[in-house]
Amino acid sequence: MTAPLFEVRAARKSYGERVALDGASLRVERGEMLAVLGPSGAGKTTLFRCLAGLAPLDAGAALLHGHDVAAMRGRQRRKIAVVFQQFNLVNRLSALDNVLAGRLGHVPAWRGWLRRFSRDDIRLALECLERVGLLDHANQRADALSGGQQQRVAIARALAQQPDLIIADEPVASLDPHIGAGVMALLASICHEGEGGIAVICSLHQPELARRYADRIVGLRQGGIVLDVAASACDEAALHQLYGSAAIPAAA
Ligand SMILES: Nc1ncnc2c1ncn2[C@@H]1O[C@H](COP(=O)(O)OP(=O)(O)OP(=O)(O)O)[C@@H](O)[C@H]1O
Ligand SMILES: [Mg+2]
């Protein structure tokens, strides 16, 4: 059996006495969009930080192509790209320069410091901006873009890393519902239309967006996976199991 693109095995993480991840396991395949749902404090951000190699697990492992993320450096590590709720762009730089930041690490350090990117890198960055519908805004400063546009630039920056996996922690939490849906549609199309078969793991607080755009939904509660179903099978009963009775307001 071949290894899945990405696998989390029995991930555990505590902050002092507080258990944030309590043996969570999941798998993601090429070209798959996985949504992670769960109440506040369930451990989603903790999980994502560990998956991206930004924080160590206490026990268990996150494996990309069967290799432990915690041990990855350089080129291997860049196969996992991260998209943040607050976009994390450099405000004073243009959209293009922000996307080129995704190529840092692919170029020798001195070229990065001097911002001397190759023609190929610039072409790739422009293609990534085109992919997210912002080629016309390449020279605009990041802080002159709307929130939705900034998140698209952040996704273009992630694409410029030529990743196998994009991890996005609440990528639409700062956006209005319409713009947020557009960003989810973009992430889904990156999974489904790209020849390379990029996978996306994305956390959300909106079950309806997860059901509309994800292939599979994983539910995290008190640090453990309590739900792992096809998005089409994620019904009200499954959401009730995840959030409990308080979290899903009844229709008026
Ligand atoms: N740096 C930290 N120090 C101490 N405790 C932490 C830290 N980060 C998270 N926690 C705790 O770990 C648990 C999981 O938090 P986490 O931020 O991962 O939840 P979450 O599912 O992302 O929540 P939300 O939906 O509100 O973003 C919570 O009990 C939280 O208080
Ligand atoms: Mg969080």
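So, serine 40: an N or O atom in its side chain sits 2.4 Å from an oxygen atom of ligand 1. I'm counting a polar contact as a pair of N or O atoms within 3.5 Å; within protein, one has to be able to donate a hydrogen and the other to accept it, and residues adjacent in sequence count only if both atoms are side-chain atoms. Threonine 46 also brings in a polar side-chain atom, 2.6 Å from an oxygen atom of ligand 1. Alanine 42 uses its backbone instead, with an N or O atom 3.2 Å from an oxygen of the ligand. Taken alone, ligand 1 exposes 630 Å², and the protein buries 63% of that (accessible areas by the Shrake-Rupley method, 1.4 Å probe; for residues, only the protein chains shown count as cover).

Quick housekeeping: this is a predicted model, where local features need pLDDT of at least 70 and side-chain atom pairs count only at pLDDT 80 or more, while totals for chains, interfaces and linings use all residues. Residues are numbered from 1 along each chain as written, chains are lettered from A and ligands numbered from 1 in written order, and side-chain values use heavy atoms, with hydrogens and water left out.

Back to the ligand. Which residues come nearest? Out of 13 around ligand 1, they are Ser40, Gly41, Lys44, Thr46 and His205; "near" is a heavy atom within 4 Å. That shell splits into four nonpolar, six polar and three charged residues. Here Ala, Val, Leu, Ile, Met, Phe, Trp, Tyr, Cys and Pro are nonpolar, Asp, Glu, Lys and Arg charged, and the others, Gly among them, polar. Helix α1 gives the most, three residues. Helices (H or I, at least four residues) and strands (E, at least two) are DSSP runs, numbered from the N terminus.

Now, α1 lies across β1, β2 and β4, at about 120° to β1. Contact means heavy atoms within 4.5 Å; axes are lines fitted to C-alpha atoms, for helices over the stretch in contact, and angles run from 0 to 180 degrees between N-to-C directions. Those strands belong to an open, antiparallel sheet of four, ordered β2-β1-β4-β5. Strands pair if DSSP finds at least two bridges between them; β1 and β2 have eight. Arginine 12 stands opposite aspartate 22 in β2.

There's also a six-strand open sheet with mixed pairing: β6-β7-β8-β3-β9-β10. Why are β6 and β10 each left with one side without a neighbour in the sheet? They're at the edges, each with a single partner strand, so that side has nothing next to it in the sheet. Six bridges join β9 to β10, running antiparallel, and valine 218 has aspartate 228 in β10 as its bridge partner.
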